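Work through the exercises below with the sequence and the 3D view at hand. Try each task before reading its solution.

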Amino acid sequence: MGKTISGFSKLSKSKKIDWIVDTYFSNSSNAEHILKQYWNSDDKLQQLHDEFIENTISNYYLPFGVAPNFLINNRLYTIPMAIEESSVVAAASKAAKFWMDRGGFKTQVISTTKIGQVHFMYHGRTEILKAFFISIKQKLIEDCKPITKNMELRGGGIIDMELRDKTTNIGGYYQIHASFETLDAMGANFINSCLEQFAKTFKREALLFDGFTEKEKQIDIVMSILSNYVPDCLVRAEVSCKVEELSDDIDFSGEAFANRFLQAIKIAEVEPYRAVTHNKGIMNGIDAVVLATGNDFRAVEAGVHAYASRNGSYSSLTHAKIENGIFTFWLEIPLALGTVGGLTGLHPLVKLALEMLGKPTAKELMEIVAVAGLAQNFAALRSLTTTGIQQGHMKMHLMNILNQFNANDAEKVILIEHFKTNTVSFSAVSDTLANLRMCIDD
């Protein structure tokens, strides 16, 4: 049973661990050993990781892999990926090689506008509120100059803002809806600082506005916060080739493969149950690169899935067509990413990942991440519509199963060879390993 504790955050890391293992684990020494086993031997590096978040007691490792041979806009990349799911990196690498021989990936950043909102309650005359907003709009921008000065010197800053009437949804609910350009920064702190200043100015100026009644002057600021839904921060990635060049499988002609591939896409466009899994596969590639480059994959996930529902029904993020004998497969997706600030300048592996990518700008990283998602989706659909997803996935998963059974190196060699021609499943691996061990014992 758990129990409450006061002042936990003030305890040293060792004391935190003592309380955790004594409270929740029957074998406290083993639990403590596991937690400390993942500490970095470099005290300075461990302190850096400890200070990323609160109440740190250990590090949680994810594999850091790479997918080579990505030809993007005629430039070769090796893409870093941080992910625990087997077959993702292999699938991305295979898709990269496939398309490298067919001209590679083409990308375009469509726009980079990000959004923030001041949400407030106002119970009065809408036309007077609109007049007030118009009268102080420039003041809102001017009061933010100390915050926006440096961003403006680099070419970014506040783009525009508007008053939005949301009273049909909630009585008395309005918002200042503002757009921003944050260049190579993801910009969350910059945007939120601007929004909070908007709110202060808005509330202060309302008290001085002669057009309001005393009641109307009492504007209630509910919150000021950026939005992770960025439908105007868009990037497009695509691949194309002649239909006859699509298949390197003797059992499938290029035309047969293309037609089945298009059917799979159409299903994901109209069937939400399929679309969720379809898009999850895209996010396998996207999240892995976003995480490896120190960006906020939760924000990306939320924004992407909202975008997938923008037309009123959850749908595929990728699309395909055949025109004049040319197969085209593309992805258009919102991505708010940064290559400066946050973990990008702190986490050693993040800095290494960005250097591996050639120290990209935020726009270039948007393109790379979108390509990773498109490649992952292509690989998944290619498997699904030809051999089936499990054949490749379970072979990649074989090593995880063998490790669960504590297979030694000699056993792994034998079983990997065996399952090159046999179906991989948890029970099949269990039975084969048991028989192998029985033979050895005999």
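Two strands pair if DSSP finds at least two bridges between them. Helices (H or I, at least four residues) and strands (E, at least two) are DSSP runs, numbered from the N terminus. The model is predicted: local features need pLDDT of at least 70, side-chain atom pairs count only at pLDDT 80 or more, and totals for chains, interfaces and linings use all residues. Residues are numbered from 1 along each chain as its sequence is written, and side-chain values use heavy atoms, with hydrogens and water left out.

**Exercise 1.** Find the order of the four strands in the open sheet.

Solution. Step one: the order reads β3-β8-β10-β9, with antiparallel pairing. Step two: β3 (106-109) and β9 (318-323) each have a single partner strand, so one side of each lacks a neighbour in the sheet. Step three: from one strand to the next, the twist averages 20°.

**Exercise 2.** Which residue of β10 is the bridge partner of T318?

Solution. Begin with the pair itself: β9 and β10 (residues 326-334) run antiparallel and share six bridges. Within β10, L331 is the bridge partner of T318.

**Exercise 3.** Which strands does helix α12 lie across?

Solution. Helix α12 (residues 362-384) lies across β3, β8, β9 and β10. Its angle to β8 is about 50°, where axes are lines fitted to C-alpha atoms, for helices over the stretch in contact (heavy atoms within 4.5 Å), and angles run from 0 to 180 degrees between N-to-C directions. Helix α10 (residues 297-308) lies across β8 (234-242) and β10, at about 120° to β10.
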